[in-house]
2 protein chains.
Amino acid sequence: MSAEKPRRTRAEQRRETEDRILAAARATFAELGYERTTIRGVASTAGVNAGLVMHYFGSKEELFSRAAMLPEEELPVGHPAEALLTSLRRRLDDEPVASLVVLRSMLTHAEASGEFRVAAAAWLDRVGAAIPAADAELRAGLISAIINGVVLDRYLLKLSSLADAPADDILALLRPCFESLAGESG
Amino acid sequence: MSAEKPRRTRAEQRRETEDRILAAARATFAELGYERTTIRGVASTAGVNAGLVMHYFGSKEELFSRAAMLPEEELPVGHPAEALLTSLRRRLDDEPVASLVVLRSMLTHAEASGEFRVAAAAWLDRVGAAIPAADAELRAGLISAIINGVVLDRYLLKLSSLADAPADDILALLRPCFESLAGESG
DNA sequence: CGGTTCGGTCAACGCCCGTACAATGAATCG
DNA sequence: CGATTCATTGTACGGGCGTTGACCGAACCG
């Protein structure tokens with residue numbers, strides 16, 4: 001008869017609610033971009049009041065920052081071309097949403113994404129360092145452009161030829177490109 | 001001392017003002033995307049009152065439609081790979097703004113851009129028809145993705161390695177990719 | 001010349017947004 | 001137990017937006 005422990009302690013509840021808000025925010029930012037995403041909308045998807053979102057995250061900017069935080073992407077080791085193909089496969093299969101939050105929102109809200117520009121630059125440096133060529137930097141940039149372009153056409157523009165294709169086919173056709181750009185032959 | 005002909009007839013004046021508004025709209029849509037572009041902003045850039053923009057174009061949607069209208073892009077003839085490289089060079093040099101209006105706004109306002117999805121599909125069909133391979137459609141889609149990715153990284157994300165590079169270098173590095181994808185060797 | 005068209009301005013509307021803040025009630029703690 | 005924290009709600013405000021319609025004056029036309 002003594003009072004049972006409440007199924008959820010306050011801390012647990014808090015964490016769960018915050019996670020629900022973040023998940024809703026990620027999905028909405030990815031689908032609508034920064035501008036069209038509203039705090040009320042995110043709150044409603046998460047099943048809470050809009051004021052709560054503000055209370056927890058302070059501002060829309062901050063909510064976006066938290067929602068867009070990505071785990072540090074580690075580059076697979078090995079021949080650069082193979083490593084990059086693996087990296088692309090991950091982005092095609094594993095979690096398109098994570099990529100989309102950043103990509104779409106960098107486009108709709110460039111100022112909010114200064115941090116991600118930095119992350120992208122770091123990624124480029126690492127790739128460039130693995131490419132044995134004088135113009136390694138440009139080659140890395142082009143590989144990044146291809147990856148971004150594929151994600152863009154497949155998930156954002158949803159152009160049919162790419163949206164419907166199996167990831168394997170895409171990777172197979174792209175392999176010669178990556179090898180050429182990664183300077184595998186030299 | 002008879003009344004001189006006014007320097008500009010009403011029709012001329014109208015056309016010039018409309019053009020000025022369209023130019024301002026194109027620049028603003030390309031730079032800010034659909035959502036962040038405001039009619040007041042476009043009007044102010046064009047040096048007119050916001051009401052006039054509404055009066056001439058009816059709505060923001062319609063203004064966007066008119067601003068984003070592109071000349072039908074004709075594909076250069078010849079080996080598909082060379083033709084596509086030429087097409088990319090045009091987009092890199094000639095008029096980045098025109099590409100950007102469509103690209104950026106398709107991303108920020110997908111619904112407004114159904115028409116351009118159609119145009120993109122037609123372009124893909126034409127490219128696909130020129131590629132002698134069973135998976136021509138996918139190959140065309142990948143080429144389109146590469147072109148979009150390069151424009152994206154260079155002009156929208158402004159990633160340094162691509163933004164600073166001469167167009168010639170980009171094309172030189174991309175040539176093997178296009179040849180491989182366009183099935184030149186088969 | 002007088003009436004009409006029409007390029008252009010201005011002020012206002014209703015809406016939705018990000019945000020602020022007071023209120024509430026249940027979990028927590030001494 | 002009473003006091004206090006804190007997750008959560010509801011309400012409200014100020015601002016910017018797309019859009020509207022009344023209005024003005026100069027170009028047009030018979």
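**Domain organisation and chain pairing in the predicted model**

The domain assignment of chain A, whose bounds come from an automatic or database domain assignment, gives domain 1 (10-68) and domain 2 (80-181). The structure is a predicted model, in which local features need pLDDT of at least 70 and side-chain atom pairs count only at pLDDT 80 or more, whereas totals for chains, interfaces and linings use all residues. Residues are numbered from 1 along each chain as its sequence is written, chains are lettered from A and ligands numbered from 1 in the order in which they are written, and side-chain values use heavy atoms, with hydrogens and water left out.

Within chain A, the C-alpha centres of domain 1 of chain A and domain 2 of chain A lie 27 Å apart. With contact taken as heavy atoms within 4.5 Å, 12 residues of domain 1 of chain A touch 12 residues of domain 2 of chain A. The two domains of chain A bury about 1000 Å² between them, 63% of it on carbon and sulfur atoms; buried area is here the accessible area (1.4 Å probe) that two parts lose on being put together, summed over both. Of the area that domain 1 of chain A buries against domain 2 of chain A, 44% is supplied by A:Ala30, A:Phe64 and A:Ala68, more than by any other three residues. Zero salt bridges are counted between domain 1 of chain A and domain 2 of chain A, a salt bridge being a side-chain nitrogen of Lys or Arg within 4 Å of a carboxyl oxygen of Asp or Glu. Two residue pairs, both at pLDDT 80 or more, are in polar contact between these domains; a polar contact is a pair of N or O atoms within 3.5 Å, where within protein one must be able to donate a hydrogen and the other to accept it, and residues adjacent in sequence count only if both atoms are side-chain atoms.

A salt bridge joins A:Arg36 to B:Glu35, with the closest N and O atoms 2.8 Å apart.

Over all chains the count comes to 16 salt bridges. Among them is the pair of A:Arg139 and A:Asp135, with 2.8 Å between the closest N and O atoms; A:Arg139 is buried at 15% relative accessibility, while A:Asp135 is partly exposed at 29% (buried is under 20% relative accessible area, exposed over 50%, partly exposed in between; 1.4 Å probe, protein chains only). Another is formed by the side chains of B:Glu18 and B:Arg14, at 2.9 Å from N to O.

Zero disulfides are counted over all chains, a disulfide being a pair of cysteine sulfur atoms within 2.5 Å. A:Cys177 is in no disulfide, the nearest cysteine sulfur being that of B:Cys177, 3.9 Å away, which is too far for a bond. A:Cys177 counts as buried, at 0% relative accessibility, and B:Cys177 likewise counts as buried at 0%.
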